[in-house]
Amino acid sequence: MPDKKVLIIGGGVAGLSAAIELAKLDVKVVLIEKEKTVGGYARQFTCKATDECVKCGACIVEGKIDEAVSHPNITICAGVCLTEIVQHDRFVISFIDRNNEKQACEVDAVVMATGFQPFDPINKPFGYKRFDDVITNLDLEKRLHQERAVKRPSDGSVPGKIAFIQCVGSRDSSLNHLWCSKVCCGSSLRMAKLIKSREESTEISFFYIDVQTFGKDFQYHYDLIRDQVRMIRAIPGDIFLTADRKLKLEYYLPAERKQIEELFDLVVLSVGITPNRNADPIAEKIGLKSTGSGFLDEQSMVSVPGVFTVGTARGPKSIAESVADAGRVALDVLNYFKAQHN
Ligand SMILES: Cc1cc2nc3c(=O)[nH]c(=O)nc-3n(C[C@H](O)[C@H](O)[C@H](O)COP(=O)(O)OP(=O)(O)OC[C@H]3O[C@@H](n4cnc5c(N)ncnc54)[C@H](O)[C@@H]3O)c2cc1C
Ligand code: SF4
Ligand code: SF4
C-alpha cells in the first residue's frame, strides 16, 4: 500500500519493529522519537551471557535499529517534540524537530509505541536515594555494563552479600498496581548469575513472592541459577543503615513464624513496568481514553479508528514479546486500510 502513510510515536524496540513490519508491507512510515537516539530502554541493557547466552534479548534492539534506519520506506525523526495531532480525513501532525524548526505531516494511521516508565521506588520504605547502597535493577544493569565486578556506590568495595527484592512497585495493591511486570524476575536472576560468574564468593539472596519464568528457555536458566542463590519467599518490610554502613533488612518467614534481621552490603530493588503517564496528553488529543490500569491496551480503552498501540505502551512485555506484538499491529493497520478501501 504505497499510498498509505503511518506515524509511529516512540522509537523503542516495539516502535522500530512495527515500523519494519509496516515497511515490509510497502507502507510508508514516519517514526518520531523524543530522545536524541532510538532504541528505548532495551538499548540500555547489558549482555548477561556467562559461559553461554542466557537469552535475555538485549541484543535484539541493535539489529532492529540497523534494519529500520536502512529501510527506504522508513523516515526516522529523533529528538523531536510532538506538539499537535488532529484528526480530519487524515491525521495532521505538528512537531518541533531537533533543529527547533516546526514540521508538519499528514498520515493515515497512528501507532502509539510510547513504552513504559520504570517504577520509581522513592516512596517505598527501602531507603532508595537515602542509602547509597540501595540501587534499582536498572542501576545494576548500567553498573554491570561499566565494571566487571559490581561495587558498592558508597565506598567502591566489592559487596560480599547482595539482596535482590522483587516486585517493587508491581503486584502491589496499596498502589493499585495489580499486574505482574513479567520481566523483572528473569532480568534479576540473569544478573545474579552474571555476578556469580564474575565473583563466585558473592552471596546472593533473592526475596520474592513467586518467580515468573516467562520467556523462551528461561526455566532452563532458572534451574541453573537457583542452586547458586538463596531463594527466600518473603518481601522485607524496612531497611536500616547500621553504624558500620551495612544495610539491615527485616523480614518475616511465615513457615517458620520467625522475624529475621539480616545484614547486607548491597540491596537491589527490582522495579517493574508502569504506564508511561507522559503519553497521556497525546492519547487524550486523539481521543484515546484509558479505562483501566493506565496502560493503552485497546481492550481496556475507548478506542479510536486509525489509532493503534504496540509494545509496553499496552502493558508489561519482554523485548521478544514487544517484537511479536509489532507483527500483530502491522496486520491490524493493514486490515484497517483494507476495510477503508472496500
Ligand atoms: C528493570 C527492567 C528490566 C528489563 N529487562 C528485560 C530483559 O532482560 N529482557 C527483556 O526481554 N525485557 C526486559 N525488560 C522489558 C523491556 O525493557 C521492554 O520489553 C522494552 O523496552 C519494550 O520496548 P517499548 O518500545 O515498548 O518501550 P520503551 O523501551 O519504553 O520505548 C519507548 C520509546 O518511546 C519514546 N517515547 C515515549 N513517549 C514519546 C513521545 N511522546 N514522543 C516521542 N517518543 C516517545 C521513548 O523515548 C522510548 O524511546 C525490562 C524492563 C525493566 C523495567
Ligand atoms: S540474548 Fe542476551 S545474553 Fe544472549 S547474546 Fe544477546 S544480549 Fe547476550
Ligand atoms: S516478574 Fe517477578 S519481580 Fe516482576 S512483578 Fe512479576 S513476580 Fe514480581
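The structure is a predicted model, in which local features need pLDDT of at least 70 and side-chain atom pairs count only at pLDDT 80 or more, while totals for chains, interfaces and linings use all residues. Residues are numbered from 1 along each chain as its sequence is written, chains are lettered from A and ligands numbered from 1 in the order in which they are written, and side-chain values use heavy atoms, with hydrogens and water left out.

**Overall fold**

- The chain has seven helices and 20 strands, where helices (H or I, at least four residues) and strands (E, at least two) are DSSP runs numbered from the N terminus.
- Because its radius of gyration of 22 Å is close to the 20 Å that the globule rule gives for 342 residues, the chain is as compact as a globular protein of that length; the radius is taken over C-alpha atoms, and the rule is 2.2 Å times the number of residues to the power 0.38.
- The C-alpha trace spans about 70 × 40 × 40 Å along its principal axes.
- Of the 342 residues in the chain, 50% are buried, meaning under 20% relative accessible area, with exposed being over 50% and partly exposed in between (1.4 Å probe, protein chains only).
- Among contacts (heavy atoms within 4.5 Å) between residues at least 6 apart in sequence, 62% join residues at least 24 apart.

- Lys-55 lies in the loop between strand S2 (28–33) and helix H2 (60–70), is partly exposed at 41% relative accessibility, and has a positive phi near 55 degrees.

**Around ligand 3**

- The shell around ligand 3 includes Cys-167, Arg-171, Cys-180, Cys-184, Cys-185 and Asp-210, and the elements that give two or more residues to this shell are strand S10 (161–168) and helix H4 (184–198).
- By class, the residues of this shell divide into five nonpolar, four polar and three charged.
- Arg-171 is placed in the loop between S10 and H4, is partly exposed with a relative accessible area of 30%, and has a positive phi near 50 degrees.
- Most residues other than glycine have a negative phi.

Note on methods:
A residue is near a molecule or strand if one of its heavy atoms lies within 4 Å of it. Ala, Val, Leu, Ile, Met, Phe, Trp, Tyr, Cys and Pro count as nonpolar, Asp, Glu, Lys and Arg as charged, and the others, Gly among them, as polar.
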